[in-house]
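Please read this report alongside the sequence and the 3D view.

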Amino acid sequence: MKKSLSSISYVAKNFLRLLLMVLIPSACMALSRTQYQVTDFFINLATNIGNFKIDSFFLDVYRYFSIINFESWGHSIFWLVCMLVCLSGAGLVFSSVERHMRLGAGYSFKWKSLINDSIMMTLPYGALMIASYEVVAFIISGMVSLLYTFLGGTVLFLILSLILVIVVYLLFVAYFALLSLTLPSLLVDGYSFRFAASYSISLVQKEFWNVYSTLILPLIISYVSVGLIKGLCLILGFSSTTSIVINYIFSFIYYTFWMMYLPATCMKHYMHLTGALREDIHTSFNHWR
């Protein structure tokens, strides 16, 4: 928890500068995000116990767990464009935080240069994480469908499916944590992608639970908050239009937080575990303070 608060403190001190970088990517991701999400699957199941049915693996299960928007070809292309914008924005934030922590360099408006310097690193890393998540989403969907075959839309099916999803997500976050220092390694030391990934794993293993906790705790809070918001919309009887607007707003806040928090957390861990001096703490510059 202390590590998470430290990263949040860093984001808070540099909030306005970081916010400028993530506004457009966060808005793009919020607008391109599908309305079928993990929390929706379980809310739909919980409110239709006994009548819940899975007729189509893709429509009734997989699209709830996938992060890709499959609602139409147009939605999928728009999602892809927005994801490229998001990865470019992530590269911009990572590069800026890296320069600040490693060199003590103040805030710069040379965004194009920072993106150009990092885009060839963020794209393969982002592609790996997206592909990995989609494999996990497919596996979860298959296991949930298998449970439904034996149990139907019962309370037991709800409980076992929820436990299954939580366990698999906890394992996926562990996988992500092990590779979370790949991008900092690429930016700071210029290693090859394969070596950077291997180096990330070896570094994280030194303090795995510290790294893992800084990722899983905020993620749990995020998912619980999303579930509560959606549940309240349902209980209060909001119209579908109002619920969708609220979902877009909350998605924007969600992406904005993670696009600022994740680079700060990963860079702080990398600097700490490699024993590098944090120049943003020791420098006389005050641009980011």
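## Basis

This is a predicted model: local features need pLDDT of at least 70, side-chain atom pairs count only at pLDDT 80 or more, and totals for chains, interfaces and linings use all residues. Residues are numbered from 1 along each chain as its sequence is written, and side-chain values use heavy atoms, with hydrogens and water left out.

Helices (H or I, at least four residues) are DSSP runs, numbered from the N terminus.

## Largest cavity

Three cavities of 30 Å³ or more are present in the structure. A cavity is a set of points on a 1 Å grid over the protein atoms alone where a 1.4 Å probe fits but cannot get out; lining residues have an atom within 4 Å of a point. Grid points are joined across faces, edges and corners, and a volume is the space filled by probe spheres set on the points.

The largest cavity has a volume of about 1,200 Å³. Its lining has 42 residues, and the closest to the centre are Ile67, Phe176, Tyr254, Tyr255 and Leu262. Elements giving two or more residues to this lining are H3 (38-46), H4 (57-65), H5 (73-103), H6 (111-151), H7 (155-179), H10 (208-235) and H11 (240-273). H11 gives the most, with seven residues. By class, the lining of the largest cavity has 33 nonpolar, eight polar and one charged. Ala, Val, Leu, Ile, Met, Phe, Trp, Tyr, Cys and Pro count as nonpolar, Asp, Glu, Lys and Arg as charged, and the others, Gly among them, as polar.

## Second largest cavity

The second largest cavity holds about 50 Å³ of space. Its lining consists of Arg33, Gln37, Val226, Ile229, Lys230, Asn247, Phe250, Ser251 and Tyr254. The largest share, four residues, comes from H11. The classes are four nonpolar, three polar and two charged.

## H2 against H5

H2 (residues 15-32) packs on H5 at an angle of about 160 degrees, with the axes 8 Å apart. Axes are lines fitted to C-alpha atoms, for helices over the stretch in contact, and angles run from 0 to 180 degrees between N-to-C directions. H2 is therefore roughly antiparallel to H5. Angles under 35 degrees count as roughly parallel, over 145 as roughly antiparallel, 65 to 115 as roughly perpendicular and the rest as oblique.

The crossing of H2 and H5 is left-handed (the near helix is turned anticlockwise from the far one by less than a right angle; clockwise is right-handed). Contact means heavy atoms within 4.5 Å. On the H2 side, the contact residues include Leu18, Met21, Val22 and Ile24; they meet a set in H5 that includes Phe78, Trp79 and Cys82. The contact of H2 with H5 has 17 nonpolar, three polar and no charged residues.

## H5 against H11

The axes of H5 and H11 come within 9 Å and cross at roughly 40 degrees. The two helices are therefore oblique to each other. The crossing of H5 and H11 is right-handed.

Among the H5 residues in this contact are Cys86, Glu98 and Arg102, while the H11 side includes Met259, Leu262 and Lys268. The contact of H5 with H11 divides into 13 nonpolar, one polar and three charged residues.

## H8 against H9

H8 (residues 182-189) and H9 (residues 193-204) pack at about 120 degrees, with their axes 8 Å apart. H8 and H9 are therefore oblique to each other. Their crossing is right-handed.

Thr182, Ser185, Leu186 and Asp189 in H8 meet Phe193, Ala196, Ala197, Tyr199 and Ser200 in H9. The contact of H8 with H9 has five nonpolar, three polar and one charged residue.

How values were computed. On a 1 Å grid over the protein atoms alone, a cavity is a set of points where a 1.4 Å probe fits but cannot get out, and a pocket is an open set with protein on both sides within 12 Å along at least five of seven lines; lining residues have an atom within 4 Å of a point.
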